[in-house]
Amino acid sequence: METPGSQSSLHRANLERVVRAVRMAGSLTQAEIARTTGLSAATVSNIVRELKDSGTVEVTPTSAGGRRARSVSLSGDAGLVVGVDFGHTHLRVAIGNLAHQVLAEEAEPLDVDASAAQGFDRAEELVNRLIEASGVDRSKVAGVGLGVPGPIDVETGTLGSTAILPGWQGTNPGQELAGRLGVPVYVDNDANLGALGELVWGSGRGVKDLAYIKVASGVGAGLVINGQIYRGPGGTAGEIGHITLDESGPVCRCGNRGCLETFTAARYVLPLLESSHGSGLTMEKVVGLARDGDPGCRRVIADVGRHIGSGVANLCNLLNPSRVVLGGDLADSGELVLGPIRESVGRYAIPSAARKLSVLPGALGGRAEVLGALALALSEMGDSTLLDGAMPAPTPAFT
């Protein structure tokens, strides 16, 4: 039996620190593990050897800074996680292992007017189909990350008011899906998961403070502060779409006037082009036309970029992030939108904050949220299960 402060309990704590660092990063060299955990190089070397012998981690040769090194990752069969992303028009599911490898992924259209029960039916069916098709052991699934396009109450887990999936208001998505799949389900909104996906796999790698801006039918921001998603006490942090740009502007769905969303979201922007381009436009089509040189579409995208930049400047002045990542279809327009964003940031942000900021397009496209859901499940699962399933009884040989 371990007692607090004993050699064996300290050893156990160090094991968990190493496993947690590797689990969150996907793979790290032993030198990176030492820097991340604060443990000595000798301690890390001993722990990695023990974890390798137990089958918890895999060690492969690599190089770092021109020198030979060893890359440490969790064993591919140590466990599985599932990501589920409900979007405005789609359902996307991915299965990954604890080494951050995506084993299977599939998306299908989703009727936004479908009831919550129908949506969960579709998600359950798609998860089961992917597990069966990929041939993985279902008992290895340690958890599910779930993304929804609306605010989640952090105390109750219920979905708040949303104009994207109105029939889902008041439901508890995590509780509902956990009951169907029989494993823990961790829920967050799509902007937060987009931020987490880009942080782990995409344009946010290597930074600890960033904002992920998603512009679609609404406008939201996922905020990462010191490597962690910041949700706020009510779960509504990052509602950048409701920053007021013009108090005499259009009435927003939130009841205020002139919110950033009323100048940038698709349902407000697309009507501006109907008289010249006809109906049936989507933001994806507008971006494509702009890239092909259409002057009207280029002007609209530039205007949207300047408005987004005003909101980003406010974020810079308040939080001073080192990076802003733009997601959604708009990101595919590249410098047509990024240039105006930077222009507004340079104009409205305090110079010290603007100088430290880089503005980049998302690297993951439409996959950001589902990969973020995988990352959420990876971050929420505990390390004790991994160690208890693979390790022999701890011995106080070293710390």
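Tutor: A patch is made of residues with over 30% relative accessible area and no salt bridge; like charges are joined within 9 Å, and nonpolar side chains (Val, Leu, Ile, Met, Phe, Trp, Tyr) within 5 Å. In this predicted model, local features need pLDDT of at least 70 and side-chain atom pairs count only at pLDDT 80 or more, while totals for chains, interfaces and linings use all residues. Residues are numbered from 1 along each chain as its sequence is written, and side-chain values use heavy atoms, with hydrogens and water left out.

Student: What makes the nonpolar surface patch of about 400 Å²?

Tutor: Ile225, Tyr230, Leu318 and Leu319 make it. Accessible areas come from the Shrake-Rupley method with a 1.4 Å probe, and for residues only the protein chains shown count as cover. Ile225 has 34% relative accessibility, which is over the 30% that a patch residue needs.

Student: Why is Ile225 called partly exposed?

Tutor: Buried means under 20% relative accessible area and exposed means over 50%, with partly exposed in between (1.4 Å probe, protein chains only). The value for Ile225 is 34%, so Ile225 counts as partly exposed. Ile225 belongs to strand S10, residues 219–225; strands (E, at least two residues) and helices (H or I, at least four) are DSSP runs numbered from the N terminus.

Student: Where is His100, and is it buried or exposed?

Tutor: His100 is in the loop between S5 and S6. With a relative accessible area of 12%, under the 20% limit, His100 is buried. The phi of His100 is positive too, near 70 degrees.

Student: How do you know that Arg92 and Glu105 meet in a salt bridge?

Tutor: A salt bridge is a side-chain nitrogen of Lys or Arg within 4 Å of a carboxyl oxygen of Asp or Glu. For Arg92 and Glu105 the N to O distance is 3.5 Å, so the pair meets the definition. Arg92 is in strand S5 (residues 90–97) and Glu105 in strand S6 (residues 102–109), so the pair links distant parts of the chain, 13 residues apart. Glu105, at 27% relative accessibility, counts as partly exposed.

Student: What makes Glu106 and Arg129 a salt bridge?

Tutor: Their closest N and O atoms are 2.8 Å apart, which is within the 4 Å limit. Glu106 lies in strand S6 and Arg129 in helix H4, so the pair ties together parts that are 23 residues apart in sequence. Glu106 is partly exposed at 30%, and Arg129 is partly exposed at 32%. Both belong to a network of salt bridges that links Glu106, Glu108, Arg122, Glu125 and Arg129.

Student: Which parts does the salt bridge of Arg180 and Glu124 tie together?

Tutor: The two side chains meet at 2.9 Å, N to O. Arg180 lies in helix H5 (residues 173–181) and Glu124 in helix H4, so the parts tied together are 56 residues apart in sequence. A search of the whole structure finds 19 salt bridges.

Student: Why is Glu132 called exposed?

Tutor: Glu132 has 68% relative accessibility, over 50%, so it counts as exposed. Glu132 is in helix H4, residues 116–134.

Student: How does the reach of H1 compare with what is expected?

Tutor: The expected span is 1.5 Å times one less than the number of residues. H1 (residues 7–25) has 19 residues and reaches 27 Å from its first C-alpha to its last, close to the 27 Å expected. Its buried residues include Leu15, Val18, Val19 and Val22. Gly26 follows H1 and has a positive phi, near 95 degrees.

Student: Which residues does Leu336 touch?

Tutor: Leaving out residues up to four places away in sequence, Leu336 touches Ala290, Arg291, Arg298, Ile301 and Ala302. Contact means heavy atoms within 4.5 Å. Leu336 is in helix H12 (residues 335–348), and at 22% it is partly exposed.

Student: What is the mean pLDDT of the protein chain?

Tutor: The mean pLDDT, the predictor's confidence in each residue from 0 to 100, is 88, and 92% of the residues reach 70 or more. Over residues 391–399 the pLDDT is below 50, though this stretch has 19 contacts in the model beyond near neighbours in sequence. Where pLDDT is low, the predicted coordinates should not be read in detail.
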